[in-house]
Each structure stands twice: as structure tokens, then as C-alpha cells.
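Student: I have a protein structure to study, and I would like to learn how to read its features one at a time. Could we go through it together?

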Amino acid sequence: MTSSLVPLLPRPAWIKVRAPQGERYQRLHGLMRGLGLHTVCEEARCPNLGDCWSRGTATFMILGDVCTRACGFCAVKTGLGLPPDPGEPGRVADAVVRMGLRHAVITSVNRDDQKDGGARLFAACIREIRARVPACAVEVLIPDFKGAWDALEIVIEAAPDILNHNTETVPRLYRTVRPGARFQRSLELLRRSHASGLLTKSGIMVGLGEEVAEVEETIRRIREAGTQVLTVGQYLRPTPAHLPVARYWEPVEFERIRAFALSLGYLHVEAGPLVRSSYHAEEQVPTR
């Protein structure tokens, strides 16, 4: 995927964060393992894990921890996973109760081996959390379901508080960064979700070789699909086997991107070096 001859760029000071630690982190980590659950916070090595968990936000990763795709930026394992577990939504809801979450984010690996791409399990998680913790906002970060719009409808009908689908990068880099995805397919998913009346959200990474003009055009096209919330963060190479960082964007550049996106009519924009899909997610939807 990458060459050993690609020089490694030293991480600038504004990228460095403290590793999650402390009694609360250890307790929650143990809870996840005890319930047999995965979080994308851990699997994708998110730098904000400690901050988000302390804020009462967590991102559960359902449908296992093995993805059927092999994106160049992602640390999640690739292969064929186990069959979907019908008991998983109940365990997710149990974790929401025990963690006292105010905002639960449900995402998944890609499951292209499943006819519905895992849509029914997403819907079941939404219903279980609503039944157990009505005051908890539920956000879903869904895959593209390979363009199976009947699968998308299953999730839409469960009425999450916010529907997120990340476009990840500029169209020119899709073949390298997201070889199993299509930019137009992602835009159509966002358009359909917005047309259904849901609050919609998307996110992109920078630092993979894109130009500023490309980023701005991508953000414009995402907005034209009706998307209301946007996240923009710095790509961080999870292992030497993944795509190298082309450059680190400076904080002032993220400020400019945020101002540009807001000028297009986005309701909420999070842009910064350490921003990820669930960063400050609890601030992006009305209190239930």
C-alpha cells in the first residue's frame, strides 16, 4: 500500500495529545470488554478517546471489528467477519445506560457480505437505545451500503437524531484512499437522507495530498447535497502500512476552512487538527 522510501514527516506540536488514562477510562474500557462490544474510538486509534468519554459521548462499532473493505487510511482489520449478532443492540443499549451517555454514536465496519449491509442492526440499535434511554441522542455514522437505497431506508425509518456518512477525501483521491467507495454515491446517500427530513452530517480528512481548492469544492458539493453538519480533521497515519501523511495542515488553515464552510450555510462546523467524526458530537443536535 505504501513505500518504505516515503519519508516520515515529524508530527508538529499541535498534533500531540496525552494517551487516555485514569480510573474512568479503565472502568469504561473494562465495561466494553465485559459486554463484548467494540468502539471505533479504540479500533481506529482516535486521539480524542479520553476527551470524548469524559464528555459523555462514545462511538460504538457494531457488526464486528473486521471490515470487508481495505481503505488506505483506516486501522480497522480487513477480511470477512462473523455473522451479525442479534443480541448486539441490546448490549449497546446496556452500555449506554451504564455509561450514563447523553449522546451515543453508532457506526460499523463495512459489511458488503451482508445483503442489507448491516442496516437492520443499525435500526435495532436506535430502537433499543430509545427504549432504554429516551433522553439520549442517537447518531449513526453509516457506510454507503454499496448504493442499496432500500437498506438506507431501513436506517432512515428508525429516525436517528443525526445521520452521518463521511465522504472522507476529495474525489481525485478516492481510488487511493477509498477504493471501494464512490464520491457520487456518498453524495446521493447524503441527499436522500436530507430529503427524508433527517439532520445530516459528513466529514473529510486533509493531509493526504489534496489542494485547498479541491477541499473547498468538496465541501461545497457536500453542502449542495443538503448536509448541515461538517467535520474536517487532519489525517494521521495509524501504522507504517497505511498511506503516508503528505503534509500537516496548520491550525490557521483549519480556521479558514471552518469560516468558508459556514459561509456556505452549514449549521455547525468542527474543523481542527484533532477533529474526528464524533468530536463534540453532543453539541451538534438539539437536546432531547
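Tutor: Let us begin with the words helix and strand: helices are DSSP runs of H or I with at least four residues, strands are runs of E with at least two, and both are numbered from the N terminus. This is a predicted model, and its secondary structure comes to 10 helices and 10 strands.

Student: How many residues does the protein have, and what percentage of them is buried?

Tutor: There are 288 residues in the protein, and buried residues make up 55% of them. The protein exposes about 12,700 Å², of which carbon and sulfur atoms supply 53%. Among contacts between residues at least 6 apart in sequence, 75% join residues at least 24 apart.

Student: At what angle do helix 5 and helix 6 pack?

Tutor: In general, two packed helices are described by the angle between their axes and the distance between the axes. Here helix 5, residues 119-132, and helix 6, residues 149-157, pack at an angle of about 5°, with their axes 8 Å apart. Because angles under 35 degrees count as roughly parallel, these two helices are roughly parallel to each other.

Student: Which residues of helix 5 and helix 6 meet?

Tutor: From helix 5 come A119, R120, F122, A123 and I126, and they meet A151, I154 and V155 in helix 6. By class, this contact of helix 5 with helix 6 has seven nonpolar residues, no polar residues and one charged residue.

Student: How many aromatic pairs does a search of the whole structure find?

Tutor: A pair of aromatic rings is described by the distance of the centres and the angle of the planes. The search of the whole structure finds two such pairs. In one, the rings of Y174 and F183 have their centres 5.8 Å apart and their planes at 80°, so this pair is edge-to-face. W249 and F254 form a tilted pair, with 6.2 Å from centre to centre and 50° between the planes. Y174 and F183 are buried, and both W249 and F254 are buried as well.

Student: What is the phi of F145, and where does F145 lie?

Tutor: Most residues other than glycine have a negative phi. F145, however, has a positive phi near 55°, and F145 lies in the loop between strand 6 and helix 6. A159 is not a glycine either, and has a positive phi of about 55°; its place is in the loop between helix 6 and strand 7.

Student: Are F145 and A159 buried or partly exposed?

Tutor: F145 counts as buried because its relative accessibility is 6%, whereas A159, at 36% relative accessibility, counts as partly exposed.

Methods. Residues numbered from 1 in each chain as written. Predicted model: local features only at pLDDT ≥ 70, side-chain atom pairs only at ≥ 80, totals over all residues. Heavy atoms only, no water. Buried < 20%, exposed > 50% of the residue type's maximum accessible area, 1.4 Å probe, protein only. Contact = heavy atoms within 4.5 Å. Areas by Shrake-Rupley, 256 points an atom, 1.4 Å probe, with all protein chains shown as cover. Axes fitted to C-alpha atoms, helices over the stretch in contact; angles between N-to-C directions. Parallel < 35°, antiparallel > 145°, perpendicular 65-115°, else oblique. Nonpolar A, V, L, I, M, F, W, Y, C, P; charged D, E, K, R; others polar. Phe/Tyr/Trp six-rings, centres within 6.5 Å; stacked < 30°, edge-to-face > 60°.
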